[in-house]
Structure formats: C-alpha cells, structure tokens
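Biologist: I am new to this structure and would like to know what stands behind each label. Please take the labels one at a time.

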Amino acid sequence: MAAPEKTSKKPARLGAGYLFRNEYFWRGLMTVCGIFLILLTLSIAAFLLVRGTGTFTKFHHSVWEFLTSSDWSPVDSAEGGGGGVGAAVYICGSLITCGLALVFAAPLSLAAAIFMTEIEPRLGERLFQPATEIFVGIPSVVYGWIGLTVLVPAIRDLFHAKMGGYSVLAASIVLAVMIFPTIATVSADAIRSVSAECRQAAYGLGSTRWQTISRVVVPAASPGIFTGVILGLARAFGEALAVAMVIGKTRAFPKSLLSPTNNLTAAIASDMGNSANGGEQNLALWSMGLLLFLISMLFIFLIHLISGKEKNKHAK
C-alpha cells in the first residue's frame with residue numbers, strides 16, 4: 001500500500017488587515033497607554049509643584065520656616081496672609097510614627113518570610129502567605145476602627161496614658177500591622193528567587209540550616225528585602241485615615257511614645273476640605289502634599305538604585 005502523499009501548503013499571505021489587528025493595533029495601544037501614564041505622572045508632579053510652591057512664591061514664606069518651625073497658624077482666607085506655616089510638628093510626627101512602625105514590622109516580616117520559604121515552605125505557600133496577603137485588601141478604615149476601639153483602650157488601661165491611649169505608640173502599631181504584609185510578601189519572593197545551588201553549596205560545606213539561611217540566603221536576597229522595606233515605609237508615609245483615628249491629632253511635639261501628636265497625611269485629610277481655595281492655609285497644605293510626593297520619589301529612586309546595584313553585581 002502506497003504511503004499517502006504529503007501535501008505542502010504554503011502559508012497564506014498576511015494581509016494588511018491581519019497585521020493591523022494582531023500587530024500594529026496592540027503595539028500602538030500599549031505605546032499610547034505607556035505614554036499616557038508618563039504624561040499623567042508628569043502632570044501630577046507639575047500640578048503639585050505649582051500648588052505646593054505657592055506658599056513660598058505667593059505668601060513669601062521660606063522653605064526653612066516650613067520645615068523647621070512649629071508655628072502653624074496660616075490664615076484661612078483667599079486673600080489673607082501673614083500667618084505661620086511651620087510644619088515641623090507634622091513632619092516630626094510622620095517620621096516618628098513611620099520609623100517606629102518599621103522597627104516593629106521589619107523583623108516580624110522577615111521572620112514570617114523565612115518561615116514561609118525556608119522553614120515550612122508547603123504550609124507557607126498554601127496557608128500562611130495567602131492569609132498574609134488578605135491583610136493587603138483590608139480597608140484602612142477597618143484598621144483605624146479596630147485601633148480606635150481595641151488598641152487605644154488597651155494602651156490607656158495598660159500604661160495609664162494621660163490622653164486616653166491616643167498616642168504615637170497606637171499609630172505606630174496600626175501602621176506596623178498595615179505594612180507587615182507588604183514587607184513579608186516582597187521579602188518571601190526575594191528569598192524564593194535565591195537559587196537552590198547556593199543552598200546546596202552551603203550544605204555541602206557543612207553549614208547548618210540556620211547558618212545557610214542567615215549567611216547565604218538572606219544576604220543574597222537582601223536587595224529584594226530592602227525593596228520590600230522601602231515599599232512598606234512608603235505606604236506608611238502615605239497612610240492618613242487609620243493614623244488620624246488613633247494618633248490624637250494634637251499639634252505638639254510628642255514627649256514620649258504615649259503622647260499624642262499629628263502627621264502630614266492626617267493634617268491634609270482633615271483640613272484640606274475646609275480651607276479656602278488659594279488661601280494661605282490651603283497652599284500650605286498643598287506644600288505638605290508636595291513634600292510627601294518628593295518623599296515618595298525618593299523611595300522610588302532608592303528602589304531603582306538597589307535594583308541597579310544588584311544587576312551590576314550579577315553582570316560582573
């Protein structure tokens with residue numbers, strides 16, 4: 001029986017319509033979306049720059065006064081001026097609460113990431129990491145409400161706080177819980193990216209599991225871990241509602257962790273809607289927003305700097 005003849009079919013010629021639908025259209029759409037995002041970011045930066053610098057150009061306050069003075073008494077009218085725009089209390093409140101939250105969250109997040117990836121990877125992948133990621137989707141108001149109804153009374157009863165539990169400590173704990181899943185998830189992904197050959201080489205040299213984790217895996221994953229820490233810190237700086245509910249909103253430098261204070265985001269959220277557009281107070285609040293934007297850009301620059309050093313290290 002003769003073998004069936006093989007019929008060779010020449011590929012059909014790709015028409016202009018086919019190329020447009022499957023190649024040029026989608027490539028052009030992705031290009032337009034990318035350009036749109038770039039223009040949107042530049043537009044936000046330009047808008048914040050124009051509005052945020054009005055404090056210094058229209059009302060002739062100095063940057064030094066804004067950053068270092070604690071005299072916050074701007075005039076809330078479209079024409080008036082001559083008040084104080086010192087935001088040092090708010091800046092200090094943001095730095096203290098976010099720094100303390102990072103002290104609380106970073107060690108726990110790193111420990112959780114090591115547990116999920118090195119100690120119990122199956123349990124971590126199936127149970128622990130999904131449970132951790134659920135925290136990311138919880139609204140800020142829920143964190144703030146739990147802090148207000150549970151954490152603040154607990155601090156009041158435990159430490160006999162004079163201001164009823166509204167304090168830097170309460171705000172820092174709430175922020176720590178909020179940034180914990182971000183740092184833990186990014187750190188776990190960074191640890192998983194370390195090649196198995198590094199672990200096998202360490203075990204081959206007689207290292208224990210803990211020596212392998214602490215001296216090989218964690219140092220190799222440190223750029224990704226630092227990235228997670230910076231992302232968590234960026235979220236902490238941008239959080240407003242949950243912090244405003246537990247920090248006390250007192251315009252004073254905190255004398256201890258049990259003292260109330262205020263921060264940048266809480267001040268913007270509470271006062272922006274009630275200020276006269278274009279007035280001294282309104283533009284001073286926009287200056288706070290510009291400062292937060294610059295801090296966010298600094299965090300993004302640090303992430304790219306760390307990533308660039310890691311790429312150069314692997315290239316060598």
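**Labels and their cut-offs**

Modeller: The residues lining the second largest pocket are Phe135, Ile138, Val142, Tyr143, Ile146, Gly147, Leu151, Ile173, Val174 and Val177. Helix 6 (140–159) and helix 7 (168–192) are the elements that each give two or more residues to this lining, and helix 6 gives the most, with five. Helices here are DSSP runs of H or I with at least four residues, numbered from the N terminus. The model is predicted, so local features need pLDDT of at least 70 and side-chain atom pairs count only at pLDDT 80 or more, while totals for chains, interfaces and linings use all residues. Residues are numbered from 1 along each chain as its sequence is written, and side-chain values use heavy atoms, with hydrogens and water left out.

Biologist: What makes a residue part of the lining of a pocket?

Modeller: A lining residue has an atom within 4 Å of a pocket point; on a 1 Å grid over the protein atoms alone, a pocket is an open set of points with protein on both sides within 12 Å along at least five of seven lines. The volume of the second largest pocket is about 150 Å³, a volume being the space filled by probe spheres set on the points, which are joined across faces, edges and corners.

Biologist: How many residues of each class does the lining of the second largest pocket have?

Modeller: The lining has nine nonpolar residues, one polar and no charged. Ala, Val, Leu, Ile, Met, Phe, Trp, Tyr, Cys and Pro count as nonpolar, Asp, Glu, Lys and Arg as charged, and the others, Gly among them, as polar.

Biologist: Why is the pair of Glu118 and Arg199 called a salt bridge?

Modeller: The N to O distance between the side chains of Glu118 and Arg199 is 2.6 Å. A salt bridge needs a side-chain nitrogen of Lys or Arg within 4 Å of a carboxyl oxygen of Asp or Glu, so the pair qualifies. Glu118 is in helix 4 (residues 88–119) and Arg199 in helix 8 (residues 196–204), 81 residues apart.

Biologist: Is Glu118 buried or exposed?

Modeller: Glu118 has a relative accessible area of 13%, so Glu118 is buried (under 20%; exposed is over 50%, partly exposed in between; 1.4 Å probe, protein chains only). Arg199, at 15%, also counts as buried.

Notes:
On a 1 Å grid over the protein atoms alone, a cavity is a set of points where a 1.4 Å probe fits but cannot get out, and a pocket is an open set with protein on both sides within 12 Å along at least five of seven lines; lining residues have an atom within 4 Å of a point.
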